[in-house]
Amino acid sequence: MKVNDNMALLLQENGICADAVAADDSYPIWQKKDRAGRPYWGTADFWNLDGKGISAGEDLSQLEWDGNEVHLDAYSKDDVPKILKKGIGILKFWTQELKKSFPETGFFILASYDDGKELENQDDYPNGFFSLTLRFWASRNGNTVIHTDNFSEWDQPALLEACGSCTLPV
């Protein structure tokens, strides 16, 4: 698991050692196939993006990026450690599950933190609004969906994991 500089600082500020967090299977992974028989993977309700089936021409990596978005929210600074630990646990479970069940496929897993400072309606959250968003997706034909260049220097605190044939940025 790669931790960028801002996430390392956030974990330190909250007294969290990522290595000490246990895997959390709250969001199990499933596999389905599109109309052409190509596999895609998801968790939870996939934001109902596949309710009417997936066409043969769909960009499955982008679909997984959009569908596998899990939000963990905190409504005060005191609850931030809880969402960070839960998110790290889910990330660890996804990593274990993807490596074990689909070792031939390359996946990326991302967790990114938002401190809520850009919210337009901050008055609705007097104690703040903080969230951790988790996603996973398979990299197909070199499509990484996001640019991982300068990952360590991203403004947004983030964790990134690679499984199978995918590799993390240096």
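Which element gives the most residues to the lining of the largest pocket?

1. Pocket lining. The answer is H1, with 4 residues. The model is a predicted one. Its largest pocket has a volume of about 240 Å³. Of the 13 lining residues, Tyr 113, Asp 114, Asp 115, Lys 117 and Pro 157 are the closest to the pocket centre. Helix H1 (5-13) and strand E5 (107-114) are the elements that give two or more residues to this lining.

2. Pocket composition. By class, the lining of the largest pocket divides into 6 charged, 5 nonpolar and 2 polar residues.

3. Main core. The largest nonpolar core has 32 residues, and those touching the most other members are Leu 84, Trp 94, Tyr 113, Leu 132 and Leu 134. Two or more residues each come from H1, strand E4 (70-74), helix H3 (80-101), E5, E6 and strand E7 (158-163). H3 gives the most, with 9 residues.

4. Trp 94. Beyond its neighbours within four places in sequence, Trp 94 is in contact with Tyr 27, Ile 29, Thr 43, Val 70, Ile 109, Leu 134, Arg 135 and Phe 136.

5. Another core, of 11 residues, lies apart from the largest one; Phe 108, Phe 151, Ala 158 and Leu 160 are among its members.

6. Thr 133. This residue is in strand E6 (residues 130-138). Thr 133 counts as buried because its relative accessibility is 12%, and the cut-off for buried is under 20%. Its side chain makes a polar contact with the side chain of His 71, at 3.2 Å. Not counting residues up to four places away in sequence, Thr 133 touches Glu 69, Val 70, His 71, Leu 110, Ala 111 and Ser 112.

How values were computed: Residues are numbered from 1 along each chain as its sequence is written. This is a predicted model: local features need pLDDT of at least 70, side-chain atom pairs count only at pLDDT 80 or more; totals for chains, interfaces and linings use all residues. Side-chain values use heavy atoms; hydrogens and water are left out. On a 1 Å grid over the protein atoms alone, a cavity is a set of points where a 1.4 Å probe fits but cannot get out, and a pocket is an open set with protein on both sides within 12 Å along at least five of seven lines; lining residues have an atom within 4 Å of a point. Grid points are joined across faces, edges and corners, and a volume is the space filled by probe spheres set on the points. Ala, Val, Leu, Ile, Met, Phe, Trp, Tyr, Cys and Pro count as nonpolar, Asp, Glu, Lys and Arg as charged, and the others, Gly among them, as polar. Buried means under 20% relative accessible area, exposed over 50%, partly exposed in between (1.4 Å probe, protein chains only). A polar contact is a pair of N or O atoms within 3.5 Å; within protein, one must be able to donate a hydrogen and the other to accept it, and residues adjacent in sequence count only if both atoms are side-chain atoms. Contact means heavy atoms within 4.5 Å. A nonpolar core is a set of buried Ala, Val, Leu, Ile, Met, Phe, Trp, Tyr and Cys residues joined through side-chain atoms within 4.5 Å.
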